[in-house]
Amino acid sequence: MTQELVFAALTYPEIDPIAISLGPLAIRWYSLAYIFGIILGWRYCRWLCFQAPRQLRPIAMDDFIVWATLGIILGGRLGYVLFYNFTYFLYNPLEIFAVWQGGMSFHGGLLGVITAMVLFARKEKVHFLALADIIACATPIGLFFGRLANFINGELFGRVTTAEIGMVFPNGGPLPRHPSQLYEAGLEGLTLLLILYLVARAGGLRRRGLTAGLFLVGYGLSRTIVEFFREPDAHIGFLFAEITIGQLLSSPMILIGIGLVAFALRQPFQPTGPEFKPEDISPKEADKAAKKKASSNKK
């Protein structure tokens, strides 16, 4: 039976986790996933700023990307330490800083970014939910690349399966397993990105809290579903009644998201703001506008 399962399994495409090697410098796909996710998410956020109701200046995204990056890294690592392996790091505190070895928590990263948004919104005097709605729409981009990186690393694989889609992972034993990283990339990444894009294009950003709430519900449900196919962390296992730590952490997201959506649907549409001035877009646009104005005055 075991031999039949292995024979029926798909071939796992073994990809070197190191994307680029320059002497002692090794750039991993895991690191590139974060870089691609943050850069593409930043550009998408800038584009969303131009959509109704235009209540957040695109140039603000240029500043927030630094805040968001710190929130993702610090929150993600701290969340992993506290939620997934606290005892180990308690006795090996220096290992907390070895981020290059992997070990990041999405839920921790989410809390880190929310903290960054609260502080940034207060500093820039912008509405927190207006900022959260835009960031929520772009977050699935990072999730998509992150899950692909997990797949390349052969980590966070799924449970043993007899399905034809099963794969034998290098570190997962001899039996085929669900490629749960790809399930997550499809649900938390592409599907959620498309849903939030359609909502935003339909004017959803004019209801403060709507896309942020939908993101929380969408991610929470996606993660909860995929956890039934994903192998629990070996050092944690199931918590109770075959519930995993991922499902436990996702439950509050679903409840808060539902509450936020209900709140948003009771709010009036936000009025659309005026067209942005060049200085609202970028220093380059402001400089171009100033030169154009100076040229017109000379004429």
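A residue is called buried under 20% relative accessible area, exposed over 50% and partly exposed in between, with a 1.4 Å probe and protein chains only. At 4% relative accessibility, Cys45 therefore counts as buried. This is a predicted model, in which local features need pLDDT of at least 70 and side-chain atom pairs count only at pLDDT 80 or more, while totals for chains, interfaces and linings use all residues. Residues are numbered from 1 along each chain as its sequence is written, and side-chain values use heavy atoms, with hydrogens and water left out. Helices (H or I, at least four residues) and strands (E, at least two) are DSSP runs numbered from the N terminus.

**Cysteines**

- The structure holds 0 disulfides, a disulfide being a pair of cysteine sulfur atoms within 2.5 Å.
- For Cys45, which is in no disulfide, the nearest cysteine sulfur belongs to Cys49 and lies 6.9 Å away.
- Cys137 is likewise in no disulfide, and its nearest cysteine sulfur, that of Cys45, is 8.1 Å away.
- Cys137 is buried, with a relative accessible area of 0%.

**Salt bridges**

- A salt bridge is a side-chain nitrogen of Lys or Arg within 4 Å of a carboxyl oxygen of Asp or Glu, and by this rule the count comes to 11.
- One of these joins the side chains of Glu275 and Arg54 at 3.7 Å, N to O.
- This pair links distant parts of the chain, 221 residues apart: Glu275 belongs to the loop between helix 9 and helix 10, and Arg54 to the loop between helix 2 (29-49) and helix 3.
- Glu275 is exposed at a relative accessible area of 62%, whereas Arg54 is buried at 18%.
- Another salt bridge is formed by the side chains of Arg57 and Asp280, at 3.5 Å, N to O.
- Arg57 is partly exposed at 36% relative accessibility, and Asp280 is buried with a relative accessible area of 14%.

**Salt-bridge network**

- A network of salt bridges links Arg147, Glu184, Glu188, Arg223, Glu227 and Arg230.
- The side chains of Glu227 and Arg223 meet in a salt bridge of 2.8 Å, N to O.
- Both partners are buried: Glu227 has a relative accessible area of 5%, and Arg223 has one of 3%.

**Gln270**

- Gln270 is placed in the loop between helix 9 (245-265) and helix 10 (278-281).
- Gln270 is buried because its relative accessible area is 16%.
- Apart from its neighbours within four places in sequence, Gln270 is in contact with Pro53, Gln55, Arg206 and Arg208, where contact means heavy atoms within 4.5 Å.

**Nonpolar surface patch**

- Leu78, Leu82, Phe86, Leu90 and Tyr91 make a nonpolar surface patch of about 570 Å².
- Helix 3 (58-83) and helix 4 (86-91) are the elements that give two or more residues to this patch.
- Helix 4 gives the most, with 3 residues.
- Leu82 is found in helix 3 and is partly exposed, with a relative accessible area of 46%.
- Patches are made of residues with over 30% relative accessible area and no salt bridge; like charges are joined within 9 Å, and nonpolar side chains (Val, Leu, Ile, Met, Phe, Trp, Tyr) within 5 Å.
- Accessible areas come from the Shrake-Rupley method with a 1.4 Å probe, and for residues only the protein chains shown count as cover.
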